[in-house]
Amino acid sequence: MTSASVPQIFERRQYAAKMARGRHRQRHHGGASYLTDTMAGDVVERLDFMRFEPEKALVIGDVAGKLLQTLDEAGTQCAQGRLGEFDEESPGPAQAFDLAVHLLGLAMVNDLPGALIHGRNAVAEGGLFIAAMPGAGSLPALRQIALTADGERPAARLHPLVDLRGATGLIERAGFRRQVVDSYPIRVRYPSFARMISDLRDHGITRALTSPAPPLTREWLARAEAEFDTLREGEDRKVTETFEILVLTGWR
């Protein structure tokens, strides 16, 4: 699919800026990194279970370096890509790696089918591609809060996300010899609406859509916080939010 015919859902420059700010918050202000940390740990466990020992690997989005460190200690030669700087929608070196891993960022590309094809082409014969990203079951609490705060005029404030069935079809069409798609939840307890939004900013995954949305007024925020309060539960009176993580695995 040519760039002209791909729907431009995400504003990539805005996405890159948010990712850069997220890394700055994580490194200098103790920002949250539990999403990519959990994804990286899960990939480590998967590689160990498969006894897959690559010689060359490309790792994108491993902010804390957990996966990179594990691969380096095993003697793997690693190349690193930063979210927002690595161009998932453009071809890279062909068959240059035994392993390519992408954490988080494929949920925010315009040409996901093309990105998966480029991921396949980056790995050599017998190589492995793994992508982990939030799926359609993610952020149910925030979606409810936003809908309530918007009232009679709901706006596109959250990113559209791929479900498990859609992801399965996409990775099948990318041409991998074998492929598997599965998912797991990450559940987080938030003490306040402000903390929820702060954590999303730390990860760089707040709104980066090309379509405009009404500004967040004081009245909107007041309604959002009131709806957040209705979702509190348990002795700690926190709100549970869920990130449904899709894992796409393909062998070339």
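A residue counts as buried when its relative accessible area is under 20%. In this predicted model, the buried residues of helix H6 are Ala167, Gly169, Leu170 and Ile171. Their cover includes helix H4 (112-122) together with E5 and E6. Just after H6, Gly175 has a positive phi of about 95 degrees.

**Aromatic pairs**

Three aromatic pairs turn up in a search of the whole structure. Phe129 and Phe176 form a stacked pair, because their ring centres are 5.6 Å apart and their planes stand at 25 degrees, and the limit for stacking is under 30 degrees. This pair connects distant parts of the chain, 47 residues apart: Phe129 belongs to strand E4 (residues 123-134), and Phe176 to the loop between helix H6 (164-173) and strand E5 (178-190). Both Phe129 and Phe176 are buried. Elsewhere, Phe193, Trp220 and Phe228 make up one aromatic cluster.

A ring also takes part in a contact with a charge. The charged end of Arg178 sits over the ring of Trp251, at 4.3 Å from the ring centre.

**Helix H8 and its surroundings**

Helix H8 (residues 218-230) contains 13 residues. From its first C-alpha to its last it reaches 19 Å, close to the 18 Å expected at 1.5 Å a residue. Its buried residues are Trp220, Ala224, Glu227 and Phe228. Viewed down the axis of H8, the buried residues fall within an arc of 105 degrees, so they line one face of the helix. An α-helix has 3.6 residues a turn, so residues three or four places apart point the same way. On the face of H8 turned away from the buried side are the exposed residues Arg218, Glu219 and Thr230.

The buried residues of H8 are covered by elements including helix H5 (140-150), E5, helix H7 (193-203) and strand E6 (239-251). Phe193 is in contact with Trp220, Leu221, Ala224, Glu225 and Phe228, as well as with Leu142 and Ile145, when neighbours within four places in sequence are left aside. Phe193 is also one of the residues that touch the most other members of the largest nonpolar core, which has 73 residues; the others are Leu47, Leu67, Leu106, Phe243 and Leu248. In soluble globular proteins, nonpolar side chains tend to be buried together.

**Thr249 in strand E6**

Thr249 lies in strand E6 and counts as buried, with a relative accessibility of 5%. Apart from neighbours within four places in sequence, its contacts are Arg46, Leu128, Phe129, Ile130, Ile171, Arg178, Gln179 and Val180. Among these, Phe129 is a member of the stacked pair, Ile171 is one of the buried residues of H6, and Arg178 is the residue whose charged end sits over Trp251.

**Positive phi in loops**

Most residues other than glycine have a negative phi. Leu139 and Arg237 have positive values, as the table shows.

| Residue | Phi | Place | Relative accessibility |

Definitions and conventions:
Residues numbered from 1 in each chain as written. Predicted model: local features only at pLDDT ≥ 70, side-chain atom pairs only at ≥ 80, totals over all residues. Heavy atoms only, no water. Phe/Tyr/Trp six-rings, centres within 6.5 Å; stacked < 30°, edge-to-face > 60°. Helix = DSSP H or I, 4+ residues; strand = E, 2+ residues; numbered from the N terminus. Buried < 20%, exposed > 50% of the residue type's maximum accessible area, 1.4 Å probe, protein only. Lys NZ or Arg CZ within 6 Å of the ring centre and 35° of its normal. Expected span 1.5 Å × (residues − 1). Arc of directions from axis to C-beta. Contact = heavy atoms within 4.5 Å. Core = buried A, V, L, I, M, F, W, Y, C linked by side-chain atoms within 4.5 Å.
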